[in-house]
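Q: Could you walk me through this model? I am new to reading structures and would like to ask as we go.

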Amino acid sequence: MVRPSLRSTTHKRVKVRTPGGRLVLHVSSRKKDLPICSLCGKPLRGTAFGEIVKMRKHSLSSKRPNRYYGGVICHRCLAVLIKAEVRKLPFPHSYNITL
Ligand SMILES: [Zn+2]
(Lines give C-alpha, C1' and ligand atoms only; values in the text may rest on other atoms or scores of the structure.)
Protein backbone atom coordinates (compact mmCIF):
# COMPACT_ATOMS: atom_id res chain seq x y z
CA MET A 1 0.00 0.00 0.00
CA VAL A 2 1.28 3.43 -0.91
CA ARG A 3 1.49 6.41 1.39
CA PRO A 4 -1.90 7.88 2.35
CA SER A 5 -1.06 11.14 0.60
CA LEU A 6 -0.50 9.30 -2.69
CA ARG A 7 -3.83 7.43 -2.58
CA SER A 8 -5.63 10.46 -3.97
CA THR A 9 -6.86 10.31 -7.54
CA THR A 10 -5.20 13.63 -8.28
CA HIS A 11 -1.95 11.74 -8.87
CA LYS A 12 -1.26 9.86 -12.06
CA ARG A 13 -0.47 6.16 -11.59
CA VAL A 14 1.70 4.20 -13.98
CA LYS A 15 2.58 0.52 -13.61
CA VAL A 16 6.22 0.03 -14.57
CA ARG A 17 8.01 -3.27 -15.11
CA THR A 18 11.46 -3.12 -13.55
CA PRO A 19 14.52 -4.79 -15.07
CA GLY A 20 14.26 -7.44 -12.36
CA GLY A 21 10.76 -8.34 -13.54
CA ARG A 22 8.83 -6.78 -10.66
CA LEU A 23 5.73 -4.70 -11.36
CA VAL A 24 5.87 -1.48 -9.36
CA LEU A 25 3.50 1.44 -9.20
CA HIS A 26 4.93 4.85 -10.02
CA VAL A 27 2.93 7.80 -8.77
CA SER A 28 3.50 11.18 -10.40
CA SER A 29 1.76 14.50 -10.34
CA ARG A 30 -0.47 15.48 -13.22
CA LYS A 31 0.85 17.63 -16.01
CA LYS A 32 -0.68 20.80 -17.32
CA ASP A 33 -1.19 20.80 -21.08
CA LEU A 34 0.48 23.23 -23.44
CA PRO A 35 -1.57 26.44 -23.22
CA ILE A 36 -3.18 27.48 -26.49
CA CYS A 37 -4.73 30.74 -27.71
CA SER A 38 -8.48 30.81 -27.13
CA LEU A 39 -9.09 32.48 -30.50
CA CYS A 40 -6.71 30.91 -33.02
CA GLY A 41 -5.69 27.74 -31.17
CA LYS A 42 -1.94 28.21 -31.62
CA PRO A 43 0.36 27.44 -28.65
CA LEU A 44 1.05 30.43 -26.42
CA ARG A 45 4.60 31.71 -26.11
CA GLY A 46 6.19 32.55 -22.79
CA THR A 47 3.87 30.38 -20.72
CA ALA A 48 5.02 27.69 -18.34
CA PHE A 49 3.57 24.21 -18.50
CA GLY A 50 4.41 20.79 -17.11
CA GLU A 51 3.92 19.21 -13.72
CA ILE A 52 1.58 21.25 -11.56
CA VAL A 53 3.75 20.75 -8.47
CA LYS A 54 6.77 22.23 -10.27
CA MET A 55 4.63 25.03 -11.72
CA ARG A 56 3.93 26.35 -8.21
CA LYS A 57 7.61 27.10 -7.72
CA HIS A 58 7.68 29.47 -10.71
CA SER A 59 7.19 33.16 -10.17
CA LEU A 60 4.02 34.74 -11.58
CA SER A 61 5.93 36.61 -14.27
CA SER A 62 7.49 33.40 -15.57
CA LYS A 63 4.14 31.62 -15.80
CA ARG A 64 2.54 33.94 -18.33
CA PRO A 65 3.24 37.19 -20.24
CA ASN A 66 2.54 40.36 -18.28
CA ARG A 67 0.07 42.04 -20.62
CA TYR A 68 -3.68 42.22 -21.10
CA TYR A 69 -5.08 38.72 -21.70
CA GLY A 70 -1.57 37.31 -21.14
CA GLY A 71 -1.79 33.53 -21.01
CA VAL A 72 -5.23 33.57 -22.66
CA ILE A 73 -4.82 35.16 -26.10
CA CYS A 74 -1.65 35.17 -28.23
CA HIS A 75 0.10 38.42 -29.12
CA ARG A 76 -1.07 38.30 -32.76
CA CYS A 77 -4.76 38.00 -31.88
CA LEU A 78 -4.42 40.70 -29.20
CA ALA A 79 -2.85 43.11 -31.71
CA VAL A 80 -5.70 42.51 -34.14
CA LEU A 81 -8.30 43.05 -31.40
CA ILE A 82 -6.66 46.25 -30.12
CA LYS A 83 -6.41 47.68 -33.64
CA ALA A 84 -10.04 46.85 -34.34
CA GLU A 85 -11.15 48.46 -31.08
CA VAL A 86 -9.07 51.60 -31.60
CA ARG A 87 -10.30 52.10 -35.15
CA LYS A 88 -13.88 52.16 -33.89
CA LEU A 89 -13.10 55.42 -32.03
CA PRO A 90 -13.92 58.71 -33.73
CA PHE A 91 -11.14 60.78 -35.23
CA PRO A 92 -9.42 62.98 -32.59
CA HIS A 93 -10.51 66.24 -34.38
CA SER A 94 -14.08 65.44 -33.49
CA TYR A 95 -13.38 66.01 -29.80
CA ASN A 96 -14.40 69.41 -28.46
CA ILE A 97 -11.00 70.56 -27.30
CA THR A 98 -10.58 74.32 -26.86
CA LEU A 99 -7.01 75.59 -26.86
ZN1 LIG B 1 -4.28 33.67 -31.24
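A: A residue is called buried if 20 or more other C-beta atoms lie within 10 Å of its own, exposed if 12 or fewer do, and partly exposed in between, with C-beta atoms placed from the backbone. Helices (H or I, at least four residues) and strands (E, at least two) are DSSP runs, numbered from the N terminus. Please note that this is a predicted model, in which local features need pLDDT of at least 70, side-chain atom pairs count only at pLDDT 80 or more, and totals for chains, interfaces and linings use all residues. Residues are numbered from 1 along each chain as its sequence is written.

Q: How many helices and strands are there in the protein chain?
A: The protein chain has 3 helices and 4 strands. Along the sequence they follow the pattern β-β-β-β-α-α-α.

Q: And what share of the residues is buried?
A: Of the 99 residues in the protein chain, 1% are buried.

Q: Switching to strands: in which sense do E1 and E2 pair?
A: E1 and E2 pair in the antiparallel sense, over 7 bridges. Two strands are said to pair if DSSP finds at least two bridges between them.

Q: Which residues are bridge partners there?
A: Among them, Lys 12 has Ser 28 in E2 as its partner, and Val 16 has Val 24 in E2.

Q: What happens in the hairpin of E1 and E2?
A: There are 5 residues between the strands, and Gly 21 takes a positive phi near 100 degrees in this hairpin.

Q: Next, Arg 30. Where is its place?
A: Arg 30 is in the loop between strand E2 (23–29) and strand E3 (31–32). It counts as exposed because it has 12 C-beta neighbours inside 10 Å.

Q: Which residues does Arg 30 touch?
A: Not counting residues up to four places away in sequence, Arg 30 touches Thr 10, Lys 12 and Ile 52. Two residues are in contact if their C-beta atoms, placed from the backbone, lie within 7 Å. Arg 30 and Thr 10 are 20 residues apart in sequence and 7.1 Å apart in space, C-alpha to C-alpha.

Q: And Thr 9, exposed or buried?
A: Thr 9 is exposed, because 7 other C-beta atoms lie within 10 Å. It lies in the segment before strand E1 (11–17).
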